[in-house]
Amino acid sequence: RHWSHDEEAILNAQSNVAGCLTGLKRYDEALRLQREVYARRVARDGISYKETIGSGNNLAASLRFFQLWDEAKFLLRDQLLPAARRSLGFDHHLTLMLARNVAVVLVDNPERTCGDLCEAANIIRDVAQRRRRVFGPAHPETV
């Protein structure tokens with residue numbers, strides 16, 4: 001039997017396991033594994049690598065679930081979104097998803113400010129406009 005020592009394959013498998021743990025409602029374990037995968041990807045490939053950005057987005061979703069608003073906002077707005085804009089471009093689907101997730105974190109935080117709500121509204125308007133232009137008006141993500 002052959003066991004892969006390819007770290008990318010291992011990280012992908014661990015990411016899939018974290019998704020399964022989430023599906024099984026074992027959220028604490030999923031969060032721990034997502035943190036580990038993200039940290040290893042950042043150390044290995046840097047924050048601008050597409051797979052790192054995807055892992056960070058998964059981690060941010062778990063942080064949001066646990067209502068760790070400040071950590072989720074910092075990860076999404078201050079780290080992942082700028083990296084995605086630099087490496088993938090402003091109109092890439094993952095960049096648009098990250099921007100939307102920043103808005104969701106800003107709105108869902110019970111300690112949100114008026115400034116947070118204004119920022120979220122501006123983000124949503126920008127994402128909607130970009131999605132319409134990039135995907136077309138009939139695409140499900142633009143309706």
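1. Helix H3 (residues 50–65) packs against helix H5 (residues 93–108) at an angle of about 20 degrees, and their axes lie 11 Å apart. The axes are lines fitted to C-alpha atoms, for helices over the stretch in contact, with angles running from 0 to 180 degrees between N-to-C directions. Helices (H or I, at least four residues) and strands (E, at least two) are DSSP runs, numbered from the N terminus.

2. This is a predicted model, in which local features need pLDDT of at least 70 and side-chain atom pairs count only at pLDDT 80 or more, while totals for chains, interfaces and linings use all residues. Residues are numbered from 1 along each chain as its sequence is written, and side-chain values use heavy atoms, with hydrogens and water left out.

3. H3 and H5 are therefore roughly parallel to each other; angles under 35 degrees count as roughly parallel, over 145 as roughly antiparallel, 65 to 115 as roughly perpendicular and the rest as oblique. The crossing of H3 and H5 is left-handed, a term used if the near helix is turned anticlockwise from the far one by less than a right angle, with right-handed used if clockwise.

4. Which residues make this contact? From H3 come Lys50, Ile53, Gly54, Asn57 and Arg64, and they meet Leu94, Met97, Leu98, Asn101, Val104, Val105 and Asp108 of H5. Contact here means heavy atoms within 4.5 Å. The residues of the contact of H3 with H5 comprise six nonpolar, three polar and three charged. In this grouping Ala, Val, Leu, Ile, Met, Phe, Trp, Tyr, Cys and Pro count as nonpolar, Asp, Glu, Lys and Arg as charged, and the others, Gly among them, as polar.

5. Side chains of opposite charge can pair when their charged atoms come close. The structure holds 12 salt bridges (a side-chain nitrogen of Lys or Arg within 4 Å of a carboxyl oxygen of Asp or Glu). One of them joins the side chains of Glu8 and Arg44, at 2.3 Å from N to O. Glu8 lies in helix H1 (residues 7–23) and Arg44 in helix H2 (residues 27–45), so this pair ties together parts that are 36 residues apart in sequence. Glu8 is buried, with a relative accessible area of 16%, whereas Arg44 is partly exposed, at 33%. Buried means under 20% relative accessible area, exposed over 50%, and partly exposed in between (1.4 Å probe, protein chains only).

6. A salt bridge also links Arg26 with Glu29, the closest N and O atoms being 2.7 Å apart. Arg26 counts as partly exposed at 39% relative accessibility, and Glu29 counts as partly exposed at 31%.

7. Within helix H2, Arg40 and Glu36 lie four residues apart, about one turn of the helix. Their side chains meet in a salt bridge of 3.2 Å, N to O. Arg40 is partly exposed, with a relative accessible area of 25%, and Glu36 is partly exposed at 36% relative accessibility. Elsewhere, salt bridges that share partners join Glu8, Arg41, Arg44 and Asp45 into one network.

8. Two loop residues have backbone angles to check. Lys25 has a positive phi of about 65 degrees although it is not a glycine. Lys25 is placed in the loop between H1 and H2 and counts as exposed at 61% relative accessibility. Gln67, another residue other than glycine, has a positive phi near 60 degrees. Gln67 lies in the loop between H3 and helix H4 (69–87) and is exposed, with a relative accessible area of 53%.
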